[in-house]
Amino acid sequence: AGMQMTVEAQKAELLDALDAAAAHNDAVLAAEGAARKARDHLQQEMVEKEALRSRFQRQQASYEAAKAEHKAALEAHEAILHAKDQELSGTAAALRALEAAAAELRHAVEDKDAAIAGLHEQLSAAAVEAERVAVEEVKARAALKEKITSLKAAVHGKTAELDENMAERHRLTQEMKTVAGQ
């Protein structure tokens with residue numbers, strides 16, 4: 001009977017050990033399942049993170065490209081503005097030069113007018129003197145006639161010069177109009 005009890009006890013111990021092993025096995029399987037799930041979840045997160053990273057990189061690249069394009073457009077615009085400024089200041093300088101030349105011509109014409117008026121006065125005076133002297137002596141009259149002839153030639157020369165100046169003045173005025181019209 002004592003022997004029977006020992007066998008029963010051993011059987012019970014074995015069964016307990018088997019139950020414990022089975023329970024341990026279930027726990028191991030459950031832990032493995034949880035670990036697999038965690039690993040799958042982690043991989044999914046990594047895939048999502050990679051997708052986000054590549055999307056961010058694409059956005060960054062397109063932002064950089066847009067920024068570069070905008071900068072190039074601004075630089076081109078600034079270059080155009082600078083060229084326009086240069087052009088305007090060049091035109092202004094040309095106009096100033098033409099105005100100065102026209103003023104010089106005006107002064108020259110005024111000087112010539114004054115000179116011609118003076119010559120006319122001299123001619124008149126010479127004619128009066130010639131008449132007075134003609135009564136007194138023929139020689140003096142002949143000399144005065146010569147003087148009058150040379151004065152007339154001078155007047156003629158000055159008039160021709162004046163005509164040239166007027167033509168030059170007209171040409172400059174036309175040029176100023178052309179420049180101003182651009």
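A: Start with one residue. Glu 175 has a relative accessible area of 35%, so Glu 175 is partly exposed. Keep in mind that this is a predicted model.

Q: Which residue does the side chain of Glu 175 meet in a salt bridge?
A: First the general idea. Side chains of opposite charge can pair when their charged atoms come close. Here, Glu 175 pairs with Arg 171, at 3.0 Å from N to O. These two residues sit four residues apart in helix H2, about one turn of the helix.

Q: How exposed are Glu 168 and Arg 171?
A: Read the relative accessible area. Buried means under 20%, and exposed means over 50%. Glu 168 comes to 31%, so Glu 168 is partly exposed. Arg 171 comes to 42%, so Arg 171 is partly exposed too.

Q: How many salt bridges does the count come to?
A: Six. One of them joins Lys 67 and Glu 64, with the closest N and O atoms 3.9 Å apart. The cut-off is 4 Å, so this pair counts.

Q: How are Lys 67 and Glu 64 placed in helix H1?
A: They are three residues apart, so about one helical turn separates them. Check the accessibility as before. Lys 67 is partly exposed at 43%. Glu 64 is partly exposed at 35%.

Q: Now the core. Which residues make up the largest nonpolar core?
A: A nonpolar core is made of buried residues of nonpolar kinds, joined through their side chains. In this model the largest has eight residues. They are Leu 119, Leu 123, Ala 126, Ala 130, Leu 144, Ile 148, Leu 151 and Val 155.

Q: Which helices each supply at least two residues of this core?
A: Helix H1, which spans 2-136, and helix H2, which spans 138-181.

Q: Which residues is Ile 148 in contact with, leaving aside its neighbours within four places in sequence?
A: Leu 123, Ala 126, Ala 127 and Ala 130. Find Ile 148 in the picture, then trace each of these contacts in turn.

How values were computed: Residues numbered from 1 in each chain as written. Predicted model: local features only at pLDDT ≥ 70, side-chain atom pairs only at ≥ 80, totals over all residues. Heavy atoms only, no water. Core = buried A, V, L, I, M, F, W, Y, C linked by side-chain atoms within 4.5 Å. Buried < 20%, exposed > 50% of the residue type's maximum accessible area, 1.4 Å probe, protein only. Contact = heavy atoms within 4.5 Å.
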